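This report goes through one protein model, from its strands and their pairing to a few residues that deserve a careful look. Please keep the sequence and the structure in view while reading.

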Amino acid sequence: MEVYVCVWCGRTLKLDSRGCWVHPGGALYIQRCERCGAEVDAFPYPDKCPVCGGRLLDDHCALPRRMSLVGERQAGGLGHTPRARTSL
Ligand SMILES: [Zn+2]
Ligand SMILES: [Zn+2]
């Protein structure tokens, strides 16, 4: 199984109905509040910060990076199996 995460913020990305990679909240762009620094990934884009009501600025656009979960799991499994056998 493969997942795609955003290069900039590390959030797990998903495909929207048009086939675009978007952040978990559905937004292509992460917006950052200029007053409190909150990051917003909601879509449709709110016109102000949901935390403090401050102005939101575009922070970055989703940029997918492929991560393979299978490879990590196999490496962990090979390391653990011999120890489990000797302890039994
Ligand atoms: Zn991101
Ligand atoms: Zn804010």
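Strands, as the word is used in this report, are DSSP runs of E with at least two residues, numbered from the N terminus. With that in mind, one can turn to the hairpin of β4 and β5, where five residues lie between the strands and where Gly37 takes a positive phi near 80°. As background, most residues other than glycine have a negative phi, and most peptide bonds are trans.

## Overall picture

The model is a predicted one. Its pLDDT averages 85 over the protein, and 78% of the residues score at least 70. Residues 75–82 need caution, for the pLDDT there is below 50 and the stretch has zero contacts in the model beyond near neighbours in sequence.

The protein has seven strands and one helix, and along the sequence these elements follow the pattern β-β-β-β-β-β-β-α. Of the 88 residues in the protein, 14% are buried. Among contacts between residues at least 6 apart in sequence, 37% join residues at least 24 apart.

## The sheet of β5, β4 and β6

In what order do the three strands of the open sheet lie? The order is β5-β4-β6, and the pairing is antiparallel. The edge strands, each of which pairs on one side only, are β5, covering residues 39–42, and β6, covering residues 56–61. Neighbouring strands of this sheet are turned against each other by 35° on average, with direction ignored.

Strand β4, which spans residues 26–33, is joined to β6 by five bridges, while three bridges join β4 to β5. On the β5 side, Gly26 stands opposite Ala42, and on the β6 side, Arg32 has Leu57 as its bridge partner.

## Two exposed strand residues

Leu57 is found in strand β6, and Arg65 is found in strand β7, which covers residues 64–68. Is Leu57 buried or exposed? Leu57 is exposed because 10 other C-beta atoms lie within 10 Å, and the cut-off for an exposed residue is 12 or fewer. Arg65 likewise counts as exposed, because it has 12 C-beta neighbours inside 10 Å.

| Residue pair | Separation in sequence | C-alpha to C-alpha distance |
|---|---|---|
| Leu57 and Gln31 | 26 residues | 5.3 Å |
| Arg65 and Tyr4 | 61 residues | 5.3 Å |

Which residues are in contact with Leu57 once its neighbours within four places in sequence are left aside? They are Gln31, Arg32 and Glu34, and Arg32 is also the residue whose bridge partner in β6 is Leu57. For Arg65, with its neighbours within four places in sequence left aside in the same way, the contacts are Tyr4, Val5 and Val7.

Taken together, Leu57 is an exposed residue in the edge strand β6, and its contacts include Gln31 and Arg32. Arg65, although exposed, is in contact with residues including Tyr4, which is 61 residues away in sequence.

Definitions and conventions
Residues numbered from 1 in each chain as written. Chains lettered and ligands numbered in written order. Predicted model: local features only at pLDDT ≥ 70, side-chain atom pairs only at ≥ 80, totals over all residues. Pairing = 2+ DSSP bridges. Helix = DSSP H or I, 4+ residues; strand = E, 2+ residues; numbered from the N terminus. Axes fitted to C-alpha atoms, helices over the stretch in contact; angles between N-to-C directions. Buried ≥ 20, exposed ≤ 12 C-beta atoms within 10 Å, placed from the backbone. Contact = placed C-beta atoms within 7 Å. pLDDT = per-residue confidence, 0-100.
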